[in-house]
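Student: I would like to learn how to read a model like this one. Can we go through it feature by feature?

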Amino acid sequence: MKKILTFALVAGIFAAVTGSVSSTVQFEPVAWGNVGLRVDNITKDSAVFRIVEAGTTKRAIKGIDFEAYLVEMTGKPPRELWLRAKQADNNWVDYFYTLEGGLRNIGMIDGKGSGVTQVEDLDGDGKAEIAMFGTPLSFMVGLDNSKSPFLTNVLGWDELRLADVTARFPKRIRTTILFHYYDFLRAVEQNDAPSEKSAALGYYANSLQIGEGRIAKAWLMRNSATVCSRIGAIMVGAVVSSEMPAPRRPRAKSRMSSMRAVIRDMLPSSVEKTSSLY
């Protein structure tokens with residue numbers, strides 16, 4: 001991956017850097033294949049990033065800060081453009097463009113829900129994947145943002161488009177599963193129903209992405225008094241029969257006597273595998 005452009009507005013004065021050459025008056029276009037990249041319409045609180053072909057603006061993105069990288073995402077030259085545009089609300093929006101078959105946008109990720117944390121070749125196939133981490137589930141169950149569970153996702157090129165390839169990276173997802181697992185245990189111990197609900201949803205949603213949703217759901221139904229069929233209804237559209245036995249909590253004696261004993265007793269198979277994470 002190669003960074004080709006950095007632009008930032010600082011106290012109303014812009015600084016633009018192309019490689020190691022600094023410009024404080026004019027920002028020279030940067031070449032990407034047969035198109036040019038430039039920043040103009042610069043004011044004290046905004047600027048416009050343009051993708052220009054044959055003197056015509058093909059794309060115009062407004063922001064206050066920009067970062068541009070060339071990264072191989074499809075396995076075929078030329079490399080794709082990864083553009084990051086910081087907005088006035090301090091969220092970053094990530095855009096991905098290719099020149100294959102002409103200039104076209106292949107993806108846009110709004111940082112308000114899930115932010116891009118990494119764009120790298122994660123599996124050695126010569127094509128970079130997009131790793132994301134965020135709280136896109138916050139609006140689904142009426143949880144306060146501070147209680148929203150985290151979700152880890154990975155997008156990758158499937159020869160036609162960017163597609164969800166999260167299931168190909170179970171070790172990465174199990175890190176998030178493990179986080180919510182321990183968060184769930186703490187919430188149960190403290191009788192914190194909102195936190196228990198949030199952790200349960202995060203545990204289940206992330207497990208679902210790597211094909212272990214049934215295991216996670218069954219474990220939650222056994223070990224939570226507040227988590228119910230709503231989890232399944234939200235995530236997969238399935239409603240658990242009302243005749244299903246009520247979920248049971250771990251015995252108080254076990255929880256209070258030894259957290260280690262609780263973890264060993266409650267540990268589902270999806271978490272057991274995390275011992276080989278690193």
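Student: What percentage of the residues in the protein chain is buried?

Tutor: First, the ground rules. This is a predicted model, in which local features need pLDDT of at least 70, side-chain atom pairs count only at pLDDT 80 or more, and totals for chains, interfaces and linings use all residues. Residues are numbered from 1 along each chain as its sequence is written, and side-chain values use heavy atoms, with hydrogens and water left out. Now burial: buried means under 20% relative accessible area, exposed over 50%, and partly exposed in between, with a 1.4 Å probe and protein chains only. Of the 278 residues in the protein chain, 47% are buried.

Student: Which residues other than glycine have a positive phi?

Tutor: Ala-54 is one of them, with phi near 50°. Ala-54 lies in the loop between β6 and β7 (56-63) and is exposed, at 78% relative accessible area. Glu-159 is another case, with a positive phi of about 80°. Glu-159 sits in the loop between β14 (151-157) and β15 (162-164).

Student: Where is the cis peptide bond that involves Pro-78?

Tutor: The bond runs from Pro-77 to Pro-78, with omega near -5°. Pro-78 belongs to the loop between β8 and β9.

Student: Which residues have the most contacts inside the largest nonpolar core?

Tutor: The general idea: in soluble globular proteins, nonpolar side chains tend to be buried together. A nonpolar core is a set of buried Ala, Val, Leu, Ile, Met, Phe, Trp, Tyr and Cys residues joined through side-chain atoms within 4.5 Å. The largest here has 23 residues, and Leu-5, Trp-32, Phe-49, Phe-66 and Leu-81 have the most contacts inside it. The elements giving two or more residues to this core are β1 (2-10), β4 (30-32), β5 (35-40), β6 (47-53), β8, β9 and β10 (92-98).

Student: How many aromatic pairs are there?

Tutor: A pair of aromatic rings is described by the distance of the centres and the angle of the planes. Rings of Phe, Tyr and Trp (its six-membered ring) pair if their centres lie within 6.5 Å; planes under 30 degrees apart count as stacked, over 60 as edge-to-face and the rest as tilted. The count comes to 11 aromatic pairs. Tyr-69 and Trp-82 form a stacked pair, 4.8 Å centre to centre with 25° between the planes. This pair links distant parts of the chain: Tyr-69 in strand β8 (residues 65-71) and Trp-82 in strand β9 (residues 80-86), 13 residues apart. Tyr-69 is buried at 12% relative accessibility, and Trp-82 is buried at 7%.

Student: Is the pair of Tyr-181 and Tyr-203 stacked or tilted?

Tutor: The ring centres of Tyr-181 and Tyr-203 are 6.3 Å apart and the planes are at 40°, so the pair is tilted. Tyr-181 lies in helix α1 (residues 170-189) and Tyr-203 in helix α2, 22 residues apart. Tyr-181 and Tyr-203 are both buried.

Student: Which side chain does the side chain of Arg-84 meet in a polar contact?

Tutor: A polar contact is a pair of N or O atoms within 3.5 Å; within protein, one must be able to donate a hydrogen and the other to accept it, and residues adjacent in sequence count only if both atoms are side-chain atoms. The side chain of Arg-84 makes one with the side chain of Asp-94, at 2.7 Å. Arg-84 is in strand β9 and is buried, with a relative accessible area of 15%.

How values were computed. Helices (H or I, at least four residues) and strands (E, at least two) are DSSP runs, numbered from the N terminus.
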